[in-house]
Amino acid sequence: MERPANSILTIFGASGDLTKRKLIPALFDLFQQKLLPEKFAVLGVSRTEYSDESFREKMASGVKESRDQETPQSETMSNFLKHVYYESIETENTDEYIRIKKRLENLYREYQAGGNTIYYLALPPDMYEKVSLNLKQQGLQQQNESGNWKRIIIEKPFGYDLTSAIALNHKLHEVFQEDQIYRIDHYLGKETVQNVLAFRFANGIFEPLWNRNYIHHVEVTGAEDNGVENRGRYYDKSGALRDMVQSHLLQIVGLIAMESPPSFNPTAVRNETVKVFQSICQMTPEKVLHNVVRGQYMASEIRGEKIPGYREEKNVPSDSRTETFVALKFYIDNWRWGGVPFFIRTGKRLPTRVTEVVIHFKRTPHRLFRSQYTSYSSGNKLIIRIQPDEGILLNFGMKLPGAGFELKEVSMDFHYSDLADIYLPDAYERLLLDCMMGDNTLYARADAVEACWKFITPILDTWKENPEQKIYGYPAGTWGPREASDLFEDKNEDWRYPCKNLTGQGEYCEL
Ligand SMILES: NC(=O)c1ccc[n+]([C@@H]2O[C@H](COP(=O)([O-])OP(=O)(O)OC[C@H]3O[C@@H](n4cnc5c(N)ncnc54)[C@H](OP(=O)(O)O)[C@@H]3O)[C@@H](O)[C@H]2O)c1
């Protein structure tokens, strides 16, 4: 593979969790595979005081913890760490960016990077605007005529609602052009998410069925088995709808529902996904009442272990009405998908951690076999498993051997783990490399982010304006409120449950 041009990666918020746990380990993996530029450096920036050496030590421990490296002081590790530097500044103070400028100029010379820089904002979101303006104050965003480039990566959340997302985009555009802005959603860096494109558009047999004539409904689940852990303060202001649906899960819907782009280039692919978001039927207060179910996990006991309820978590108010679970039904108003319901479900403290898409095909028009009413009752299902155990399964009915015509659901499956010698890169590896190459296909464009918020914001507004709208308590370790199943009009339909409820004992209730 062609290697990216020499460049410097400047990480703001380098003392934080994301840098240590995700970014530096991903860069180390790229370094080991010789995929980084020939000459490349990382400049960590944040307020905490570190020397280059003490920062390197902290990063080495991050790689060790996240990649299970036995020998972080190996030759490769120490060669990698030689490329890592640190500068402590008061992030909000414009004048201190002069020091960043000087440091970068030295690094450009040393690494023959010609002024190429990526600024990665691994910071709390309320700092994005300030830092980009500070960069502008010192001219650090300028690309010169000799073809050097400046790019900025910002982490989700991209705004808090439609108004704040538009305002943030506006502020970023005062400093950077849209093609310099890389809004990272690490879900799009996952192999299985990208494989949706290959699966759909590199195979002739699925696409003819991929529409309202053959698909009954589409289900997207993003389940987490952990609670909010030490993110209570952030999570309570966010909730499941903002945290998971607005970004990750809608991005997946975009790839599932898009039309084939005319070519595989960033603009063409992103033009098609944004059309999907713009075609989603808007929610009204009435629709929110009937098509959205929210819940919050309650204390329970799982295999003898007491699990605290959401309101007992650190930094969560004891009367919080933030949803830790949300399930919704919506439609995409276009020729391909008219009338096909899309269901999204996500939550914390569910029985397992799984992200998957299930395409439910319509049933046969005529049920020839008696057992089609019993043991094998549903239509064919295509399951795209995004994590864990990444793979694709196609479910169908087969006759059980022996007398009669008893049917059983069986599957044809592909697991990435079967490709024993194939290395499955981490999502950040892929996305960082893409940014270095100037490929923003897998990054969210401003119009896509705004279209997603346009769909989500009426739900948030309805909840805010009608606080009496129900929020259901569900015991930790179960698949969320039972009311989520009521979203299916046909009582024979339900969500797919990749595993059973845990033995958790607790109460279902209305909060
Ligand atoms: N961690 C993850 O796995 C993850 C996943 C997805 C998205 N994200 C997003 O990535 C960003 C960074 O996440 P993180 O987990 O690394 O966050 P973090 O550990 O809480 O914060 C990152 C760094 O930002 C700096 N910072 C905090 N408050 C600041 C302030 N008021 N002014 C200036 N600097 C400040 C801190 O460094 P100093 O105090 O040293 O300046 C801190 O180390 C966030 O936007 C988060 O939503 C994180």
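Modeller: The model is predicted, and local features are reported only at pLDDT of at least 70, side-chain atom pairs only at pLDDT 80 or more, while totals for chains, interfaces and linings use all residues. Residues are numbered from 1 along each chain as its sequence is written.

Helices (H or I, at least four residues) and strands (E, at least two) are DSSP runs, numbered from the N terminus.

Asp 17 belongs to helix α1. Asp 17 is exposed because 12 other C-beta atoms lie within 10 Å; the classes are buried for 20 or more such atoms within 10 Å of the residue's own C-beta atom, exposed for 12 or fewer, and partly exposed in between, with C-beta atoms placed from the backbone. Asp 17 and Ser 417 stand 400 residues apart in sequence, and their C-alpha atoms are 28 Å apart in space.

The loop between α1 and β2 contains Lys 39. Lys 39 counts as partly exposed because it has 17 other C-beta atoms within 10 Å. Apart from its neighbours within four places in sequence, Lys 39 is in contact with Asn 6, Tyr 111, Gln 112 and Ala 113, contact meaning that the C-beta atoms, placed from the backbone, lie within 7 Å. By contrast, 40 Å separate the C-alpha atoms of Lys 39 and Ser 238, which are 199 residues apart along the chain.

Gln 112, one of the contacts of Lys 39, sits in the loop between α4 and β4. The phi angle of Gln 112 is near 45 degrees, a positive value in a residue other than glycine. Gln 112 counts as exposed because it has 12 C-beta neighbours inside 10 Å.

The sheet comes next. It is open and built from six strands in the order β3-β2-β1-β4-β5-β6, with parallel pairing; two strands pair if DSSP finds at least two bridges between them. Its edge strands are β3 (84-88) and β6 (181-184), each of which pairs on one side only. On average, neighbouring strands of this sheet are turned by 20 degrees against each other, direction ignored.

The individual pairings can be followed across the sheet. Strand β2 (residues 40-46) runs parallel to β3 and is joined to it by five bridges, with Tyr 85 as the bridge partner of Leu 43 in β3. Strand β1 (residues 7-12) is likewise joined to β4 by five bridges in the parallel sense, where Ile 8 has Thr 117 as its partner in β4. On its other pairing, β4 meets strand β5 (residues 150-155), again parallel and over five bridges, and Thr 117 has Lys 150 as its partner in β5.

Strand β4 (residues 117-121) is mostly covered, with five of its five residues buried. Thr 117, Tyr 119 and Leu 121 point one way from the strand, whereas Ile 118 and Tyr 120 point the other way. Helix α4 (residues 97-110) lies across β1, β2, β3 and β4 and runs at about 170 degrees to β2; axes are lines fitted to C-alpha atoms, for helices over the stretch in contact, and angles run from 0 to 180 degrees between N-to-C directions.

Pro 157 is placed in the loop between β5 and α6 (162-175).

Finally, the wider setting. An automatic or database domain assignment divides the chain into domain 1 (7-155) and domain 2 (189-255 + 281-425 + 455-510). The C-alpha centres of the two domains lie 37 Å apart.

Conventions
Contact = placed C-beta atoms within 7 Å.
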